[in-house]
Amino acid sequence: MILFVRGGALGDFVLTLPALAACFATGCRVDVACATKHRPLVGLVGEPGRFWDIDGAESLWMFGGRDPVGYTDAVCFSEGRTELPIPTIHACGSRPPPGAPAWRHFLGALPVGWPAADPGLRLRAPALRPDRPIVLAPGASDPARSWPLEKWFRLAEALRPHAPVVIVGGPSEPWAEYRPDLSEIIRLAAAAGAWLGPASGP
């Protein structure tokens with residue numbers, strides 16, 4: 001059994017999906033502990049044996065024990081066949097070394113000999129198509145990560161002659177044309193011809 005534990009925000013969870021996929025690739029039962037709102041992302045790489053709400057009382061046993069899981073650790077997981085408490089904890093710091101891709105850093109937390117899942121991260125220039133929308137997601141938790149909104153709106157106007165453009169945001173972003181929940185974001189991303197934004201979550 002493997003218990004995969006990941007706290008943090010949406011972007012943090014997305015960057016650890018390759019490590020979670022590698023856990024599923026072992027063929028072992030994989031239980032996942034994360035925020036309930038991130039659960040739809042788990043299904044993109046596998047089906048957990050059990051889901052634990054990391055913010056719920058059911059997960060309190062994970063924190064503060066003999067080998068406590070650190071809430072700020074990027075990836076924490078157990079390996080072994082025994083039931084809880086988990087026998088071995090592997091943890092990976094949440095900040096990769098300078099210049100290291102985050103997904104590769106998190107894959108490095110896996111025990112030696114585990115299969116390395118192909119994260120499928122292939123950068124390519126998208127071909128703009130009139131039947132596939134371009135999604136602009138300008139929001140970021142730190143405004144310094146993004147352009148000023150005026151630049152995003154100018155970009156939208158420049159792209160609209162080539163393809164439909166959708167400007168998405170969260171509930172606290174009044175400028176957004178569309179405020180999807182996580183399941184809608186996944187469907188929108190699958191249908192999009194291109195997705196542009198400064199934050200790793202969307």
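Residues are called buried when their relative accessible area is under 20%, exposed when it is over 50%, and partly exposed in between (1.4 Å probe, protein chains only). The structure described here is a predicted model, in which local features need pLDDT of at least 70 and side-chain atom pairs count only at pLDDT 80 or more, while totals for chains, interfaces and linings use all residues. Residues are numbered from 1 along each chain as its sequence is written, and side-chain values use heavy atoms, with hydrogens and water left out.

The protein contains six helices and eight strands, taken as DSSP runs numbered from the N terminus (helices: H or I, at least four residues; strands: E, at least two). Read from the N terminus, the order of elements is β-α-α-β-α-β-β-β-α-β-α-β-α-β. Of its 202 residues, 39% are buried.

A nonpolar core is a set of buried Ala, Val, Leu, Ile, Met, Phe, Trp, Tyr and Cys residues joined through side-chain atoms within 4.5 Å. The largest such core comprises 21 residues, and Phe13, Leu20, Val30, Val32 and Val42 have the most contacts inside it. At least two residues each come from strand E1 (2-5), helix H2 (17-25), strand E2 (30-34), helix H3 (39-42) and helix H4 (102-107). H2 gives the most, with six residues. Beyond its neighbours within four places in sequence, Phe13 is in contact (heavy atoms within 4.5 Å) with Arg6, Leu20, Cys34, His38, Leu41 and Val42. A second, separate core has nine residues, among them Ile134, Leu136, Ala163 and Ile167.

In helix H6 (residues 182-191), the buried residues are Leu182, Ile185 and Leu188. They lie on the same side of H6 because they cover an arc of only 115° around the axis, the arc being that of the directions from the helix axis to the C-beta atoms. An α-helix has 3.6 residues a turn, so residues three or four places apart point the same way. Exposed Arg187 and Ala190 sit on the face of H6 turned away from the buried side. The cover over the buried residues of H6 includes helix H1 (10-15), H3, E6 and E8.

Helix H5 (residues 149-159) buries Trp152, Ala156 and Leu159. These cover an arc of only 70° around the axis, which puts them on the same side of H5. They pack against strand E6 (134-136), strand E7 (165-167) and strand E8 (194-196), whereas Glu150, Arg154 and Glu157 are exposed on the face turned away.
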